[in-house]
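Look at the fold first, then read on.

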Amino acid sequence: MAGKRRKNDSKAEEIAKYAIWVENVNKVYKDSNVKVALVDVDIKIKPGEFVFIVGDSGSGKSTLIKLLLHELQPTSGEIYVSGYDLVKMNHKKVAKFRRSLGVVFQDFRLLKDRNVYENVAFAQRIIMKKESEIRKNVPSILSLVGLAGKYKALPVQLSGGEQQRVALARALVNKPQILLADEPTGNLDPKTSCEIMNLLEKINETGTTVVVVTHNREIVNDMRKRVITLKQGVVFSDEEEGGYIDED
């Protein structure tokens with residue numbers, strides 16, 4: 001019993017070293033047809049890393065991001081994010097866990113009837129921040145993403161790149177340890193995409209772990225960060241300063 005406890009303690013100490021720990025994860029969808037989405041996936045990301053997760057359609061990227069957000073449960077395996085055991089997590093802790101993450105999507109998901117300031121402030125009000133703190137924090141984060149002068153604008157009055165910057169500000173205002181960006185440049189032109197990625201790099205330099213799921217070959221190849229490539233549900237490669245590997 002003592003030996004088992006020491007082994008468990010040792011593994012817990014190892015997991016604690018990582019922002020994201022995915023081990024032996026399998027995901028099988030069982031509906032009208034059985035579809036294998038992920039097979040024996042192992043991914044370990046340290047705090048402060050900048051990582052691309054890439055792969056063609058059907059590679060398992062979307063399933064993986066949903067697992068990391070606890071929108072899905074794996075068929076088998078272990079997943080820890082920011083120290084939370086996502087497989088054994090109590091339902092009551094899910095909301096608290098998700099508030100610990102910053103998440104940015106391709107479609108921005110802004111509140112269309114509220115201005116830039118209110119969109120970002122909304123994230124603070126969810127966690128019951130005092131109005132005095134919100135008045136301090138929101139302008140600060142808007143300045144970081146280059147939107148200090150647009151705080152009164154509605155989303156419809158902004159360009160796609162500016163809307164994505166608002167989404168980034170909202171994701172970052174609560175100072176998450178991890179930022180998950182799911183196709184953050186999918187609806188943007190090349191120049192704006194480059195600006196958003198430079199901003200993500202700047203955010204990463206402050207210590208935030210950044211994980212970007214993308215199919216944008218040019219950005220991945222230009223930035224030369226760590227690249228994890230999924231292919232038909234399997235980790236095909238995991239390279240430091242890697243590039244986008246085309247599937248044959």
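Two strands pair if DSSP finds at least two bridges between them. Helices (H or I, at least four residues) and strands (E, at least two) are DSSP runs, numbered from the N terminus. This is a predicted model, in which local features need pLDDT of at least 70, side-chain atom pairs count only at pLDDT 80 or more, and totals for chains, interfaces and linings use all residues. Residues are numbered from 1 along each chain as its sequence is written, and side-chain values use heavy atoms, with hydrogens and water left out.

Q: In the protein chain, in which helix is confidence lowest?
A: pLDDT is the predictor's confidence in each residue, from 0 to 100. The chain has a mean pLDDT of 91, and 96% of its residues reach 70 or more. Strand β4 (residues 76-81) is highest at 97, while the lowest, at a mean of 75, is helix α1 (residues 2-15).

Q: In what sense do strands β3 and β9 pair, parallel or antiparallel?
A: Strands of a sheet pair through backbone hydrogen bonds, either parallel or antiparallel. V51 has R226 in β9 as its bridge partner. Over 4 bridges, β3 (residues 50-54) and β9 (residues 226-231) pair in a sense that is parallel.

Q: Which are the edge strands of the open sheet of 6 strands?
A: The order is β6-β7-β8-β3-β9-β10, with mixed pairing. From one strand to the next, the twist averages 15°. An edge strand here pairs on one side only, and that holds for β6 (101-105) and β10 (234-239).

Q: Which helix packs on this sheet, touching β3, β7 and β8?
A: Contact means heavy atoms within 4.5 Å. The strands touched are β3, β7 (178-182) and β8 (209-214). The helix direction makes about 135° with that of β3, and the helix is α7 (residues 190-205).

Q: What is the strand order in the open sheet of 4 strands?
A: β1 (residues 20-30) runs antiparallel to β2 (residues 34-45), joined by 8 bridges. β1 is also antiparallel to β4, through 5 bridges. The edge strands are β2 and β5 (84-85). The pairing is antiparallel and the order is β2-β1-β4-β5.

Q: Which residue in β2 is the bridge partner of I20?
A: I20 stands opposite V81 in β4. On the β2 side, Y29 stands opposite K35. The β2 partner of I20 is I45.

Q: Which residue takes a positive phi in the hairpin of β4 and β5?
A: β4 and β5 pair in the antiparallel sense over 2 bridges. Y80 stands opposite D85 in β5. The hairpin has 2 residues between the strands, and the positive phi, near 55°, belongs to S82.

Q: Why does α4 count as roughly parallel to α6?
A: Axes are lines fitted to C-alpha atoms, for helices over the stretch in contact, and angles run from 0 to 180 degrees between N-to-C directions. Angles under 35 degrees count as roughly parallel, over 145 as roughly antiparallel, 65 to 115 as roughly perpendicular and the rest as oblique. The axes of α4 (residues 116-126) and α6 (residues 160-172) come within 8 Å and cross at roughly 30°. That angle makes α4 and α6 roughly parallel.

Q: How many nonpolar residues are in the contact of α4 with α6?
A: Ala, Val, Leu, Ile, Met, Phe, Trp, Tyr, Cys and Pro count as nonpolar, Asp, Glu, Lys and Arg as charged, and the others, Gly among them, as polar. V116, N119, V120 and A123 of α4 meet V166, A169 and R170 of α6. The contact has 1 charged and 1 polar residue, and its nonpolar count is 5.

Q: What is the handedness of the crossing of α6 and α7?
A: A crossing is left-handed if the near helix is turned anticlockwise from the far one by less than a right angle, and right-handed if clockwise. The axes of α6 and α7 come within 10 Å and cross at roughly 15°. α6 and α7 are therefore roughly parallel. Their crossing is right-handed.

Q: How are α4 and α5 oriented to each other?
A: α4 and α5 (residues 131-144) pack with axes 10 Å apart, at an angle of about 125°. Their contact has 9 nonpolar, 2 polar and 4 charged residues. By their angle, α4 and α5 are therefore oblique.
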